[in-house]
Amino acid sequence: MSPLLMGRRRVAAPDSQTVAGQARALRAAIEAGGNQLDRVEVVRAGRTIEKVEQRSALAGDHTVVALAGATGSGKSSIFNAVAGAGIAEIGARRPTTSTPTAAVWGDSSAGVLLDWLGVSRRHGVAPVAPVASVASVAPDSSGEEGTLDGLVLLDLPDFDSRDLSHRHEAERILELCDVFVWVTDPQKYADALLHDDFVRNLAGHASVMLVVLNQADRLDDAGLAACRADLARLFAADGVHDVSVLATSVLTGQGIDELRQRLANAVAGHEASRHRLAADLRASAARLRRGVGDAEPTIDTDADDRLVDALCRASGVPVVLDAVEEDYRREALGRAGWVFTRWGRKMRPDPLGRLRLDKRSTVLDTVDPLDVRHVLGRSSIPAPTASARSAVKLAALELTERGSDGLPILWSEAVSDAAAPTDRRLYEDLDRAVVSTSLRGNPPAWWRVMGWVQWVTGLATVAGAVWLTVLGVIGWLQLPQIDTPKLGSLPVPFLLFGGGLVLGLLAAWLARSLARVGARRRRTVVGARLRDAVGGVATQRLVVPVVDVLDRHRTTRSNLDEAART
């Protein structure tokens, strides 16, 4: 039982800013949670937030107390006894109360509040002497006297009425009131309807809950004590612990003054409405919290090696690297190969051109505007095979398992959807990343050196060949001999021809060896570039969406915890 209502010591009530902050946190949690939160509970939480905003906006310091109970429990009799007038209709025909009736204490108008509550039957209660605190009721009150000014007491329809409209009206008011008083009697205090449909669902509202066992005059002292103890046990089983049951009897007046004192305690400080609103927000947050994990796994924001490897294979990176290596050898031998066969290599097809890949730094630089790469940004790399796609799915599944570890089912499904590699755009982005990656490098210095060597040896070979040809023609025509210079015993024309031929072939062999080494190095450099590009796509298309889901889960969890704090 709430000490606020027992009069023992006051429970610190949340201020209006705290309640507003809880409402904002709950709204932020709903927005962050999205479809991963239970839709029914989201709707209920939305209604709670709307109620908090509307109730907080109402001017005045009134406290709304609703008397709720089953048929024949004596709600209307207690209502009249507290009001000191025969306001509510009492009769033998059941149900008697069909619409809520309000009794208002104090000079301040409660019209706007009652309009919001939808209560049309209203009665003002004449001022009465202050309610004296009783030591047994309020030992810490220091003898202060309470007043009911600001109290709006509602007599609700029976919540077990055969007319369902009566029950619905009682449920509606119970959703809006500040304090609810459960009125029961020795015959129906254990009714399952009271405990299963109402008390258990409102167990988190113990601070604004009061239990009245009416018609106590029907029991002797021992029976009354046993009945009160059993009722307290039932409420404890419902989740409302340490409840204090107030025994009343309208016929003898037992407990009526104490009930008035407790109502005065509820009105004092005008805090009950904030207690109720805060409890509603906590209850909504607690229900939504069941669908949120206690923590979220931590994953690296960069794609792991297994995922990048699978995507590289699916995007045709090995095929591209083979073409890069072949293209390097082709270009190296085209510039530094044997000068007499160099032209033949230029007639061979461009390995990168076959894949519609550009060797420049970007596919859009100085490219023909009619080029398919410029228009579509696509290459002619073969589509990924079934095994390559399967490898991507397995790697993405591993990411999903790490990202969904310990999360509830809806959040796990969100992680799975975020990391699903079935979207065709993933492979389009991979192809675009490969197309836009630079496949060239600065021409190595040895290309220029070996090129000059080939030109020198080639010219020497040609000069020697021409010189020897001229000498042969002179000899064949038996013309006067020309003095041929010699180097040692060998004529210079022969040395030019033979030396240029041999040195040219040796330089070509050396260039071929250097080309193989350089091609492997170029493959490594370009492979790192392509891997970074593919890793960027993997991060943006698979990892970041998973991280976003986990961030939303973290935001939802923290806001729900904020809304549920006491």
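At 7% relative accessibility, Asp280 counts as buried, where buried means under 20% relative accessible area, exposed over 50%, and partly exposed in between (1.4 Å probe, protein chains only). Its salt-bridge partner is Lys51, with the closest N and O atoms 2.0 Å apart; a salt bridge is defined as a side-chain nitrogen of Lys or Arg within 4 Å of a carboxyl oxygen of Asp or Glu. Lys51 is buried as well, with a relative accessible area of 7%. The model is a predicted one, in which local features need pLDDT of at least 70 and side-chain atom pairs count only at pLDDT 80 or more, while totals for chains, interfaces and linings use all residues. Residues are numbered from 1 along each chain as its sequence is written, and side-chain values use heavy atoms, with hydrogens and water left out.

The Lys51–Asp280 pair links distant parts of the chain, 229 residues apart: Lys51 belongs to helix α3 (residues 39-57) and Asp280 to helix α10 (residues 272-289). Helices (H or I, at least four residues) and strands (E, at least two) are DSSP runs, numbered from the N terminus. In total, the structure holds 33 salt bridges. Another of them joins Arg167 to Asp197, the closest N and O atoms being 2.8 Å apart. This pair also connects distant parts of the chain, with Arg167 in helix α6 and Asp197 in helix α7 (residues 192-199), 30 residues apart. Asp197 is partly exposed, at a relative accessible area of 33%.

An α-helix has 3.6 residues a turn, so residues three or four places apart point the same way. Glu258 is partly exposed, with a relative accessible area of 26%, whereas Arg262 is buried, with a value of 5%. Salt bridges with shared partners also join Glu296, Asp551, Arg554 and Arg557 into one network.

Seven strands form an open sheet in the order β3-β2-β6-β1-β7-β8-β9, with mixed pairing; two strands pair if DSSP finds at least two bridges between them. The edges are β3 (121-125) and β9 (245-247), each of which pairs on one side only. From one strand to the next the twist averages 25°. Axes are lines fitted to C-alpha atoms, for helices over the stretch in contact, and angles run from 0 to 180 degrees between N-to-C directions.

Strand β2 (residues 101-105) is mostly covered, five of its five residues being buried. Thr101, Ala103 and Trp105 lie on one side of β2 and Ala102 and Val104 on the other, and both faces are covered. In a regular strand the side chains alternate between the two faces of the sheet. β2 pairs with β3 in the parallel sense over five bridges, and Ala103 has His123 of β3 as its bridge partner. Between β2 and β3 the chain passes through helix α5 (residues 111-117) in a right-handed β-α-β crossover; right-handed denotes that, with the strands pointing away from the viewer, the path from the first strand over the helix to the second runs clockwise. With β6, β2 runs antiparallel and is joined by four bridges, Ala102 standing opposite Leu154.

Strands β1 (residues 63-69) and β7 (residues 179-184) run parallel and are joined by five bridges. Leu67 stands opposite Val181 in β7. Helix α6 (residues 164-176) lies across β1, β6 (151-155) and β7, at about 145° to β1. Helix α8 (residues 221-237) packs on the sheet, touching β7, β8 (209-213) and β9, and its direction makes about 150° with that of β8. Contact here means heavy atoms within 4.5 Å.

Gln215, in the loop between β8 and α8, has a phi near 60° and counts as buried at 13% relative accessibility. Asp242, in the loop between α8 and β9, has a phi of about 55° and counts as exposed at 71%.

Helix α19 (residues 445-476) has 32 residues and reaches 46 Å from its first C-alpha to its last, close to the 46 Å expected; the expected span is 1.5 Å times one less than the number of residues. Its buried residues include Trp446, Trp447, Met450 and Ile474. Gln478, which follows α19, has a positive phi near 55°.
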